[in-house]
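Welcome to a short tour of a protein model. Have a look at the fold first, and then we will walk through some of its parts together.

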Amino acid sequence: DGKYFVSGGRDNTLRIWDANDHQPIHSQLKGGHKNFVASVAYSPDGKLIVSGSDDATVQLWDAESGNTAGKPMKNHTGSLNGVAFSPDGKWIVSGASDQLLCLWDTASQTLMDVMTGHEDGIESVAFSPNGKFIASGSKDNTVRLWNRKSGRLIHRPMTAHDKMVRGVAFSRDGELIASASYDGTVRLWHVRSGRSIAELTG
């Protein structure tokens with residue numbers, strides 16, 4: 001509902017903040033990670049928070065109480081640089097420096113799939129608005145699009161950036177992906193073809 005936002009820090013904790021006065025609404029959310037928190041996301045209904053850490057774990061939190069909601073989810077061997085909920089909240093995707101994308105069932109917190117293909121660490125992840133696709137950006141300078149159900153690549157890697165892809169996001173209609181890179185550009189990609197259709201600089 002836009003009333004709160006969450007941050008993760010190098011002190012191994014999370015904080016929930018009031019979006020209006022920018023004050024924390026809880027004491028630090030701690031006890032879930034043993035190293036710095038590199039990525040965070042709210043569930044669509046605002047009841048859960050997922051975090052990814054340099055300790056290679058994914059952790060769920062109860063947004064209202066600030067307590068952990070289950071044990072750390074383990075499969076990665078590197079820092080968790082990107083986490084995201086599916087639009088219906090049923091799935092979590094995590095991307096890490098170990099080059100793996102992991103798909104988790106939110107309710108059971110079990111690993112459902114592992115997607116491989118990137119040639120360097122994954123920096124960012126995003127679900128499509130319909131929940132059928134996952135986009136990932138990597139230090140290998142590519143954007144990749146995955147079928148959430150099969151775990152397979154939709155088409156060849158999207159290549160145009162000269163440096164790592166630090167952020168990816170879908171348009172509201174799911175037709176485009178935006179990628180932000182350390183090369184100083186934002187590119188727009190056509191989801192169905194995988195073609196770069198625009199380069200934004202500034």
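Two residues are in contact here when heavy atoms lie within 4.5 Å. This is a predicted model, in which local features need pLDDT of at least 70 and side-chain atom pairs count only at pLDDT 80 or more, while totals for chains, interfaces and linings use all residues. Residues are numbered from 1 along each chain as its sequence is written, and side-chain values use heavy atoms, with hydrogens and water left out.

**The whole chain**

The protein chain holds 18 strands and zero helices (both are DSSP runs numbered from the N terminus, helices being H or I with at least four residues and strands E with at least two). Its radius of gyration is 16 Å, close to the 17 Å of the globule rule for 202 residues, so the chain is as compact as a globular protein of that length (the radius is taken over C-alpha atoms, and the rule is 2.2 Å times the number of residues to the power 0.38). The C-alpha trace spans about 45 × 35 × 30 Å along its principal axes. Of the 202 residues, 46% are buried, a word that means under 20% relative accessible area, with exposed over 50% and partly exposed in between (1.4 Å probe, protein chains only). Among contacts with a separation of 6 or more, 35% join residues 24 or more positions apart.

**Strands that pair**

Strands of a sheet pair through backbone hydrogen bonds, either parallel or antiparallel. Two strands count as paired if DSSP finds at least two bridges between them. An open sheet is built from four strands in the order S7-S8-S9-S10, with antiparallel pairing. S7 (80–85) and S10 (110–115) stand at the edges with a single partner strand each, so one side of each has no neighbour in the sheet. From one strand to the next, the twist averages 20° (axes are lines fitted to C-alpha atoms, for helices over the stretch in contact, and angles run from 0 to 180 degrees between N-to-C directions).

| Pair | Bridges | Facing residues |
|---|---|---|
| S1 (residues 4–8) and S2 (residues 14–18) | five | Ser7 and Arg15 |
| S9 (residues 101–105) and S10 | five | Cys102 and Val114 |

S1 and S2 form a hairpin with five residues between them, and Asn12 in the turn has a positive phi of about 75°.

Ser181 belongs to strand S16 (residues 176–181) and is buried, at a relative accessible area of 10%. A polar atom of the Ser181 side chain lies 3.0 Å from the backbone nitrogen of Asp183.

Ser128 sits in the loop between S11 (122–127) and S12 (133–138). Ser128 is also buried, at 2% relative accessibility. Its side chain makes a polar contact with the side chain of Asn130 at 2.7 Å (a pair of N or O atoms within 3.5 Å; within protein, one must be able to donate a hydrogen and the other to accept it, and residues adjacent in sequence count only if both atoms are side-chain atoms).

Arg148 lies in the loop between S13 (142–147) and S14 (158–159). The side chain of Arg148 reaches the backbone oxygen of Gly131 at 3.4 Å. Arg148 and Trp91 are 57 residues apart along the chain, yet their C-alpha atoms are separated by 9.5 Å. The residues that Arg148 touches, not counting those up to four places away in sequence, include Trp91, Leu103 and Phe127.
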